[in-house]
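Student: I am new to this structure. Could you take me through it by setting each value against its definition?

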Amino acid sequence: MSTHPVPAACCPGCGLEVAAATNAERGVDDGPGPGDLTICARCRRFLTFETDMSLVEIAPEDYVKLPLETLASLMRALRLLASLSQKAEEESWAVWDPDDWP
Ligand SMILES: [Zn+2]
């Protein structure tokens, strides 16, 4: 798991400014690129990076169009985010705010 800076973009769901993305896949150390999927750390909406690295929300009705392996990766990332969020809550820091990370 590694965190990479990305061009600042706002989550279309909650307005969080996203300036970094963490790769939740084991054995892959690349930063995100256009077409890659991500999850907003605050509102947990599924998003995709556009060509200009802006973020757009994936409509729930489009989830079923994603390849099964992609859905499995998103579910793993959601579980990781939930685990991190629980730890952050216990330790009084915000998982979605890099300035707040311990
Ligand atoms: Zn959001």
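Tutor: Begin with the terms: a helix is a DSSP run of H or I with at least four residues, and a strand is a run of E with at least two. The chain holds two helices and five strands. Keep in mind that this is a predicted model.

Student: What is the order of the elements from the N terminus on?

Tutor: The order is β-β-β-β-β-α-α.

Student: How do you know what confidence the predictor has in the chain?

Tutor: Confidence is given as pLDDT, on a scale from 0 to 100. The chain has a mean of 88, and 96% of its residues reach 70 or more. Strand β2 (residues 17-23) has the lowest confidence, with a mean of 85, while β5 has the highest, at 96.

Student: Why does the radius of gyration agree with a compact globule?

Tutor: For 102 residues, the globule rule gives a radius near 13 Å, and the chain has 13 Å, so the two agree. As for its extent, the C-alpha trace spans about 40 × 25 × 25 Å along its principal axes.

Student: How much of the chain is buried?

Tutor: Being buried takes 20 or more such atoms. Buried residues make up 13% of the 102 residues.

Student: What makes β4 and β5 a pair?

Tutor: Pairing requires at least two bridges between the strands. Three bridges join β4 to β5, so they pair, and they run antiparallel. Phe-49 stands opposite Leu-55 in β5.

Student: Which strands make up the open sheet, and in what order?

Tutor: The open sheet has three strands in the order β3-β4-β5, with antiparallel pairing. Both β3 (37-39) and β5 are edge strands, because each has a single partner strand and one side left without a neighbour in the sheet. On average, neighbouring strands of this sheet are turned by 40 degrees against each other, direction ignored.

Student: Which helix lies across β3 and β4?

Tutor: That is α2 (residues 68-91), which runs at about 25 degrees to β3.

Student: What share of the contacts joins residues 24 or more positions apart?

Tutor: Two residues are in contact if their C-beta atoms lie within 7 Å. Among contacts with a separation of 6 or more, 42% are between residues 24 or more positions apart.

Notes:
Residues numbered from 1 in each chain as written. Predicted model: local features only at pLDDT ≥ 70, side-chain atom pairs only at ≥ 80, totals over all residues. Rg over C-alpha atoms; globule rule 2.2 N^0.38 Å. Buried ≥ 20, exposed ≤ 12 C-beta atoms within 10 Å, placed from the backbone. Axes fitted to C-alpha atoms, helices over the stretch in contact; angles between N-to-C directions.
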